[in-house]
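Let's take a quick walk through this one, a feature at a time.

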Amino acid sequence: MMLEQAREVLILEAEAIRAVADRLDARFEEAVRVLLACQGRVVATGMGKSGLIAQKVAATLASTGTPSLFLHPGDGSHGDLGMVTQQDVVLAFSNSGETEEVLALLPVIKRLGAGLISLVGELDSTLGRMSDVALDVSVAREACPLNLAPTSSTTAALALGDALAVALLTARGFDEERFALFHPGGSLGRKLLLTVRRVMHAGEEIPLVDENAPLREALLEMTAKRLGLTGVRSADGALVGVITDGDLRRHLEWEAEGVLSATAKQMMTRNPKTIEADALAAEALRVMQQGQITSLFVMDRGALAGVVHLHDLLRAGLA
């Protein structure tokens, strides 16, 4: 019984969104044009459950390149309408279109000369008629068995708000780099902004030996730096190879005397994989996964600048 009811709720809400999509017309395009032309901010407002939807849409707009904020209509009637200017566009949510707290704001919004776009369930409501653009988010019925609790109607309003946000970000040419600027603290920001330079081991932390160094020196360097490898440099200081734990295991088949007399040059793998210091850390992770390796040497303008290990990327929250 519970599963059947849950499926019915999901189906009803999905049908409500489909119906809104089928009704989209030139008014949606006009709403996008008004929002694109806005010289100020988009001020989303709504009461109750519609207010919660307005808050979410305002947050989505703000994070995708459209300056936006939420104004509680009750607070608006008690001074917070001072947030609204002539350059702003008000985005009002009300299923009935007759929400008293929202209607109380309309005379001031009109007097200020701010734009007004509404998402309403009744186009012929007071809010719908007074709007510069009214978008129809009406639903056949709520998913609530009593047809009372805002369910399908809030889902439809939220979906259309998201559609506006996506249309706007597309029209603005909003890209991953700008998206990351607004999300510096989360995993998205880390993936899109964090560079290899910020997570690499540099200076004395880089495991490195000369190509003619004996194996014992290479082993000591690997043990001291604890990265499971050491770089090998030529006489002129250029990175020419790498010795990893795997290389050592593969050479254990040598006779003991041969291993002990080996040099770093004899043991190393030539032309180790590298990455630029200013490359994204996410790119370093991709290269490691592709090559099935756990470390990359980091170059800066042709010179060795550091080494980055898979564990560094894990600690940074990239995987």
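Helices here are DSSP runs of H or I with at least four residues, strands are runs of E with at least two, and both are numbered from the N terminus. This is a predicted model, where local features need pLDDT of at least 70, side-chain atom pairs count only at pLDDT 80 or more, and totals for chains, interfaces and linings use all residues. Residues are numbered from 1 along each chain as its sequence is written, and side-chain values use heavy atoms, with hydrogens and water left out.

## Around Glu205

Look for Glu205 in the loop that runs between α10 (187–193) and β6 (208–210). Glu205 counts as partly exposed because its relative accessibility is 45%, partly exposed being the range between buried (under 20% relative accessible area) and exposed (over 50%), with a 1.4 Å probe and protein chains only.

Leaving aside residues up to four places away in sequence, Glu205 touches Lys225 and Leu227; contact means heavy atoms within 4.5 Å. As for Asn147, 58 residues from Glu205 along the chain, the two C-alpha atoms sit 66 Å apart.

## Helix α3

Just after α3 comes Gly65, with a positive phi of about 100°.
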